[in-house]
Amino acid sequence: MGLAHTVGAMFDQGSDPLEPSEGREWDNALTVAAKNGHLDIVEFLLGKDLAINKRSITYLMENIDHKNHGKAKLEAIVNLMWDLGLLFDKSKRPDTVVDNGAIIGIMRNYSSGLQLMSWLLDRRHEACIPITDDVLFFAMFIMSSEEMIRLLFEKCNEDIHIGPSFFARLDKVRDGLPYSYCGLDVALMHRATELAVDDWIVAHCAHHASSKAMDLLLRTRPDIRVIEETLIAAASNPFGADMIRLLFDQREPGTQISERILLAAAVNHKCPEILKFLLDKLDPAALMTQRMILTVAEEIMDSFTFRYLWDLEKTFQVVIEELSPNTVLTEKVREGLVMKGSAMVRLVLDRQQAGFVVSEKMMEIAAASWEDDSVELLELLMTNGGGEVPITEAIVCAAAGNKFRGSSVMEYLFQVQGDSLSITENVLVAATECPQALEIILNKCPEVRITDRVFVAACRNEGAMQMLLSRRQDGLPIEAMKTEIGKYYYGSFGVFMLLVDRHLADVDAWAVETFASRPRSLEVLQSEKPDVLITERALVRAAEDRDSVRLLLKSENNYDPVTEEVMMAAARSKYLSKEILTSILHRVESAPLTANVLKEAMLHQNDDTVELILARGRDLNLKASWEEIWHDVDIPGRKKGRATVVFGELTDFELTESMLQDYAYDKEQKDDDGADSFDYLIGALCYCKGPIPATEGVGVIVLERCSNRVAEEFLQYRPNLPITDKLFQAVERNPKADKQGLLSLLARKRGSE
């Protein structure tokens with residue numbers, strides 16, 4: 001009662017319970033109370049007629065917990081939110097439709113999600129509760145639990161449609177899903193007889209489902225073909241080798257283990273047993289087999305995670321062990337062996353593998369290794385042919401720049417080479433990454449020349465700079481060093497303060513500008529020189545961070561006026577934009593809130609900030625600002641999309657066919673990152689659930705102009721779009737589309753209607 005009484009008193013005194021909490025715009029007193037189980041406070045605040053936005057409702061449903069007050073109180077709150085209309089999608093009025101975001105929030109709720117969903121579905125007779133592809137996707141793969149999926153099928157089986165659009169949604173995130181539970185299994189068990197299957201959908205089932213569910217599907221649907229694409233999908237199944245074992249014996253006549261199937265298994269690092277199964281089915285003596293194995297080994301190496309995942313190392317080892325000792329290793333595979341350390345190198349040495357020739361690149365890789373066995377690895381290479389490889393500058397640079405093992409590797413190289421080890425300027429530059437290695441070099445070679453370039457490179461590492469300054473302080477390239485510090489200000493503040501302590505640099509306006517977005521650095525600078533001048537540029541940089549803004553504005557009479565540029569920087573801030581603007585306005589009431597500031601907030605989809613600007617700048621016109629953005633050909637498409645989403649959220653605005661038709665479309669126009677501008681516009685509208693209607697005319701425009709990816713996103717976002725002949729004709733006119741793929745998707749969607 002004490003906490004609830006305090007909240008009530010604060011509310012009566014004018015405190016805003018929807019003000020961002022602890023620096024997070026999506027969090028406030030209401031959602032914090034829900035997350036911490038203070039349901040009495042939640043109930044109190046809900047009764048105060050607050051203007052709660054969709055984001056807060058979603059976050060509340062995701063985090064509300066009944067641990068302190070029990071399920072009865074939680075149910076009462078859900079009923080209150082229902083009665084207040086907080087759970088409904090306002091854009092669907094006058095129809096009563098539960099908002100998709102609220103449903104997804106419930107799906108994400110670990111503690112109370114199942115109970116919340118059960119209560120929600122019990123009221124299906126009062127409102128539409130859409131079980132969209134997104135809802136199914138979350139239930140099956142993101143927050144998957146057998147209980148949640150079974151609840152959906154138990155209470156709204158007739159409303160669940162699993163068709164091409166669902167599998168298209170799944171196709172976009174095929175890799176990287178958290179497969180804690182085989183969520184697709186329950187769906188297949190319920191829909192095995194009626195699912196509209198084709199080779200594409202079967203492949204998805206082979207990848208995402210368990211062998212048990214696939215076995216049922218095969219027995220229920222004898223028309224299913226197991227072709228190469230099916231086996232490729234099975235080879236990437238994250239649940240083990242049972243799927244490939246099941247499908248391999250049922251493959252279509254003439255379907256052989258291809259390089260593509262092996263490559264799919266090779267990158268499935270979670271299940272090396274799949275690759276082992278497939279390799280065991282091949283003739284190891286065949287020349288083609290050995291060539292494919294080498295190709296697979298190289299493909300594994302090309303994986304971004306090759307250096308870091310132990311599971312991928314196991315897969316790589318499986319491949320190497322399947323090679324015939326007479327098969328000559330390629331240079332790329334030899335380098336991969338060195339990347340995986342001394343144990344893998346010993347494996348091929350013990351097998352007396354043909355073609356294991358130590359190269360300079362292999363020595364360089366070993367010298368740069370962060371593993372504990374880096375010196376052992378180098379020794380192993382040196383004693384097996386590496387002794388004949390010259391210790392080049394590249395090898396020494398790799399050793400000197402080794403952040404974690406540089407000192408021990410450099411000690412080894414000095415031990416092997418002695419005074420003949422060449423220490424060049426490039427080596428010293430590399431050693432600034434590893435102060436311990438730099439110390440060894442300077443102690444072994446006290447006469448080595450430390451050039452200006454070395455000092456500039458050391459601006460990124462405080463330890464290295466401290467060591468260099470102990471040997472030289474005269475005639476330093478201070479301006480070049482300050483330029484480097486400005487480029488890498490996130491990690492160079494310690495270096496700058498070393499220069500200040502040695503009276504080599506001053507705390508001045510440049511220093512404040514450079515570190516303006518780093519509040520802890522600013523505190524140090526201001527304590528060092530309280531009256532340092534704060535320029536407009538410093539305020540613009542500080543607008544990235546709430547605490548930085550507050551620090552600078554605390555200074556008395558030593559900062560430039562807060563200009564429109566400063567307010568625009570705050571309006572576009574990625575985090576805490578509203579709070580940053582509020583801080584500025586609290587300190588400087590005359591800070592300008594102009595149309596440009598409003599547009600900046602819209603372009604960066606800071607909708608809370610837009611509401612604040614409109615409340616404080618009452619002469620501003622949201623519609624006029626949007627129209628300026630929409631017709632400005634120089635504004636990137638993705639930003640126009642974001643601004644349109646904000647306009648739609650704050651008003652009842654919806655794009656029309658004529659607006660899109662009259663849009664200044666240029667198929668050659670690119671955004672600032674080189675991507676297609678119109679693609680980005682439509683993509684942003686779909687991704688952010690913008691006000692784009694599901695009409696035939698809009699569908700024609702999208703399918704005529706957009707890439708496959710964006711067209712598919714639109715079709716998924718608007719699943720109720722009627723699939724007409726005009727849509728097919730629009731695809732045929734599209735110069736940038738993979739027409740066959742898009743036409744196939746339309747055909748599948750039409751077939752499922």
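View 1. The predicted model has 16 aromatic pairs, where rings of Phe, Tyr and Trp (its six-membered ring) pair if their centres lie within 6.5 Å, and planes under 30 degrees apart count as stacked, over 60 as edge-to-face and the rest as tilted. In one of them, Phe137 and Phe138 put their ring centres 6.4 Å apart with planes at 90 degrees, so this one goes down as edge-to-face. Both residues are buried (under 20% relative accessible area; exposed is over 50% and partly exposed in between, with a 1.4 Å probe and protein chains only). A word on the bookkeeping: residues are numbered from 1 along each chain as its sequence is written. Since this is a prediction, local features need pLDDT of at least 70 and side-chain atom pairs count only at pLDDT 80 or more, while totals for chains, interfaces and linings use all residues; side-chain values use heavy atoms, with hydrogens and water left out.

**View 2. A cluster of rings around Tyr665.** Trp626, Trp630, Phe647, Phe653, Tyr663, Tyr665 and Phe678 are linked into a cluster by ring pairs. Tyr665 also carries Arg705 over its face, at 4.3 Å from the ring centre.

View 3. Side chains of opposite charge can pair when their charged atoms come close. The structure holds 39 salt bridges (a side-chain nitrogen of Lys or Arg within 4 Å of a carboxyl oxygen of Asp or Glu). Here Asp83 pairs with Arg123, and the closest N and O atoms are 4.0 Å apart. Asp83 belongs to helix 5 and Arg123 to the loop between helix 7 (113-121) and helix 8 (133-142), so the bridge ties together parts 40 residues apart in sequence.

**View 4. Lys689 reaching Asp134.** This salt bridge comes in at 3.2 Å, N to O. Its partners are 555 residues apart: Lys689 is in the loop between helix 43 (677-687) and helix 44 (696-705), and Asp134 is in helix 8. Lys689 is partly exposed at 44%, while Asp134 is buried at 12%.

View 5. Glu484 and Arg460 form a salt bridge at 3.2 Å, N to O. Glu484 lies in helix 30 (residues 478-487), and Arg460 is 24 residues away in the loop between helix 28 (452-457) and helix 29 (462-469). Glu484 is buried at 10% relative accessible area; Arg460 is partly exposed at 42%. Elsewhere, salt bridges with shared partners join Arg546, Asp547, Arg550 and Glu579 into one network.

Technical notes
Helix = DSSP H or I, 4+ residues; strand = E, 2+ residues; numbered from the N terminus. Lys NZ or Arg CZ within 6 Å of the ring centre and 35° of its normal.
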